Amino acid sequence: MIRNLIRLGFILLALALLAVLFGFIFVHNCDSTGVMGQSVVACDCTGYEWLLYDRTEADGPKRSLCLGLVHERQCFEFTGGRQLDCRELRTR
């Protein structure tokens, strides 16, 4: 009885670690639209792209998550602005 509980505990722990590993590998912050002078990030997602909204849908899409692999990421100063190096945005 106790061995079965220990075995079940190890199986559940392994499944939880597998889910965390899956999340680190396949879930990426993809698009982020600029609001109030913020930068715009666009990406090419292979998989499912899930749109996230701010508190209300009237605010429009703020960002999206890529459930898959990101092939290319493009960063812009603002909508329609000049293209930036994405590493430059992380230092702002």
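Accessible areas here come from the Shrake-Rupley method with a 1.4 Å probe. On that basis the protein, which is a predicted model, exposes about 7,400 Å², of which carbon and sulfur atoms supply 62%. Of its 92 residues, 17% count as buried. The protein holds two helices and four strands, and these follow one another along the sequence in the pattern α-β-β-β-β-α.

**Confidence and overall contacts**

- The mean pLDDT of the protein is 78, and 74% of the residues reach 70 or more.
- Confidence is highest in helix α1, at a mean of 93, and lowest in helix α2, which spans residues 86-90 and has a mean of 65.
- Among the contacts in the protein with a separation of 6 or more, 51% are accounted for by residues 24 or more positions apart.

**The disulfide**

- The count comes to one disulfide, formed by Cys45 and Cys66, whose sulfur atoms are 2.0 Å apart and therefore fall within the 2.5 Å that the assignment asks for.
- This pair links distant parts of the chain, with Cys45 in strand β2 (residues 40-53) and Cys66 in strand β3 (residues 61-76), 21 residues apart.
- The link of Cys45 and Cys66 is right-handed, with 80° about the S-S bond, and both cysteines, Cys45 as well as Cys66, are buried.

- The side chain of Ser64 is joined to that of Glu49 by a polar contact of 2.8 Å.
- When residues up to four places away in sequence are not counted, Ser64 touches His28, Asn29, Cys30 and Asp31, and also Glu49, Trp50, Leu51 and Leu52.
- Leu65 is likewise found in strand β3, and the C-alpha atoms of Leu65 and Tyr48, which are 17 residues apart along the chain, are separated by 8.3 Å.
- With residues up to four places away in sequence again left out, the residues that Leu65 touches are Val27, His28, Asn29, Cys30, Tyr48, Glu49, Trp50 and Leu52.

- Although Asn29 and Ser64 are 35 residues apart along the chain, their C-alpha atoms are separated by 6.3 Å.
- Leaving aside neighbours within four places in sequence, Asn29 is in contact with Arg63, Ser64, Leu65 and Arg73.

- The structure holds one aromatic pair, formed by Phe22 and Phe26, with 5.1 Å from centre to centre and 40° between the planes.
- Phe26 counts as partly exposed because its relative accessibility is 30%.

Definitions and conventions. Residues are numbered from 1 along each chain as its sequence is written. Side-chain values use heavy atoms; hydrogens and water are left out. Buried means under 20% relative accessible area, exposed over 50%, partly exposed in between (1.4 Å probe, protein chains only). A polar contact is a pair of N or O atoms within 3.5 Å; within protein, one must be able to donate a hydrogen and the other to accept it, and residues adjacent in sequence count only if both atoms are side-chain atoms. Contact means heavy atoms within 4.5 Å. Rings of Phe, Tyr and Trp (its six-membered ring) pair if their centres lie within 6.5 Å; planes under 30 degrees apart count as stacked, over 60 as edge-to-face and the rest as tilted. pLDDT is the predictor's confidence in each residue, from 0 to 100.
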